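Open your viewer and switch to cartoon view. We will go from stop to stop, selecting as we go.

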Amino acid sequence: MNNFHFYSPTEFVFGRGSENEAGELVKKYGGSKVLVHFGGGSAVRSGLLGRVTASLTAAGVPYIELGGVKPNPRDTLVYEGIELCRREGIDFILCVGGGSVIDSAKAIAAGVLYDGDFWDFYSGKAAVRKALPVGTVLTIAAAGSEGSGDTVVTQEATGLKRGAGGDALRPRFSIMNPELTCTLPPFHTACGAADIMAHVFERYFTNTTEVEITDRLCEAVLCTMVKEAPRVIADPNNYDARANIMWAGTVAHTNIVGVGRDQDWNSHNIEHELSGLYDVAHGAGLAVIMPAWMEFVMPHNPMRFAQVATRVWGCAMDFEHPENTALAGIRCFRRFLREIGLPINFAELGAREEDIPVLVQKLGLGEGRTGGFVHLNSEDVAQIYRIAAHADV
Ligand code: NZQ
Ligand code: ZN
C-alpha cells in the first residue's frame, strides 16, 4: 500500500426530511447571504426548492436564486454566477441538484475569489487555493460531487469538457435524502449507477499490490450496485434501495475506497470527450466506454479482472485460462448495463464512428500517454473508441 493523506471534511446529513435542516446548516458554516443554485426545473417541480428556501428564511438567512444549470454544466452560466455573487455580496453557495449543479457552484465559488478567468483552473493554468464555502442538497446519486473536491465544466464555445480540483472545493455539508431521488426518470437513475460503478473501477484497476482493504471496500460498493440498481429501476419508490445507492455514490468518490493505491481514470478521460462533443449524459457515455476500455487493457493483468469477475459477478474461476474468467466478468458488466436500460455502443449513445479522429484529437494527448493502470497513447484510445462503437452483448 502507498502512503496517503485522506481528507474528507464534509458533514453528511442523511435521511428523510433532512433538506429542512439546510438553513441551520448554512448558518452553522458561516453563511450570511446565500446563492441558491439549481438546475433545469426538477427541484422547482417537486417542491424541493420551496422547502429549502423556506428553511433559509426560517433560519433568518437571506438568499438569491440562480437556476438553469444544464447537465454537463457550461462556463457561460458560471461567468454569470461569478458576477452575481460579487454584485450581491454572496458568502455561501447552496446547491440544490446533482453533479452538474454542484460542479457549476464549485466553479463559481472558486471564480469569485480569483482575479483572472476562472477557466484557468480547468485549463491547468492555475490551482484552486480558495473558494466560497459550498453546501449541497443532493437530488441524484451519481457523480459523488457532494463529497469530492472535484468539478467538471464544459466550455460552451469549444465543447471542451475539463475538470479542476482542490480541497477548498469540498462541500462544507451535504444533505442527502434518498426520497428526493425517487422522482428521477429510470434513465438518469441508471446513468448514476454506471457512474458510481465507474468511480470504483477507476480505483480498483491498479498496479499497486497488497491493497486488500480497499479491494474489498470497492467490491462491497460494486456488489451493492449490482443488487440495488435493478431494484430501483423496477420499483422507483423503494426507499431502502435508493438509500443504499445514495450512500454508495458518496463512498465511491470520497476516495475512501481508493487511498493508498495508484488509480487509472482513463475511462473518465475518454468519456468526457463523448459528453463534451455530443452532450450525452456522463453515465451513459461511461456505459459505452468502460467495458471497451476493460477489454482493451485486460491482458495487462488478467488476474485482477478475474478477481472482480468471481467476487462481484459470481463467475467461475478458470485457473488454466484466467483471461476467460476476466472476459466473462466484462460480459456480465455489459449485460448488466443493458438490463438497467443503458446504451452499450456508439449507435445507442448517438455517437458516430467517423468522429473518432475528432474525439482523439480533442483529448489532446499528442505524442504523450495517459492513465495510471495502462499508459495509453492516441492510437490505443482510438482502438478503445472503435471497440465501443461496435460493442454488443
Ligand atoms: O436540471 P434538472 O431539471 O434538475 O434535471 C436533472 C438533469 O436533467 C435531473 N435530475 C436530477 N435530480 C433529479 C432529476 N430529475 C428528477 N428528479 C430528481 N431528483 O437529472 C439530470 C442529470 O443531472 P446531473 O446533475 O447532470 O447528473 P449527475 O449527478 O450525473 O452529474 C453529471 C455531471 O457530473 C460530472 C459529469 O461529468 C457531469 O458533468 N462529474 C462530476 C464529478 C465530480 N465533481 O466529482 C465526478 C464525475 O466523474 C463526473 O465527471
Ligand atoms: Zn464519473
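Which residue takes a positive phi in the hairpin of strand 6 and strand 7? Select glycine 159: its phi is near 75°. Four residues lie between the two strands of this hairpin.

A word on the ground rules. This is a predicted model, where local features need pLDDT of at least 70, side-chain atom pairs count only at pLDDT 80 or more, and totals for chains, interfaces and linings use all residues. Residues are numbered from 1 along each chain as its sequence is written, chains are lettered from A and ligands numbered from 1 in the order written, and side-chain values use heavy atoms, without hydrogens and water.

Strand 6 (residues 150–155) and strand 7 (residues 160–165) run antiparallel, joined by six bridges. Strands here are DSSP runs of E, at least two residues long; helices are runs of H or I, at least four. Glutamine 155 stands opposite leucine 160. Five of the six residues of strand 6 are buried (under 20% relative accessible area, 1.4 Å probe, protein chains only).

Six parallel strands follow the order 1-8-5-4-2-3; two strands pair if DSSP finds at least two bridges between them. Strand 1 (11–14) and strand 3 (63–66) are the edges, each pairing on one side only.

Now select strand 5 (residues 134–138) and strand 8 (residues 173–176): four bridges join them.

Last stop: helix 4 (residues 75–88). Helix 4 packs on the sheet, touching strand 2 (34–38), strand 3 and strand 4 (92–97). Contact means heavy atoms within 4.5 Å.

Technical notes: Axes fitted to C-alpha atoms, helices over the stretch in contact; angles between N-to-C directions. Buried < 20%, exposed > 50% of the residue type's maximum accessible area, 1.4 Å probe, protein only.
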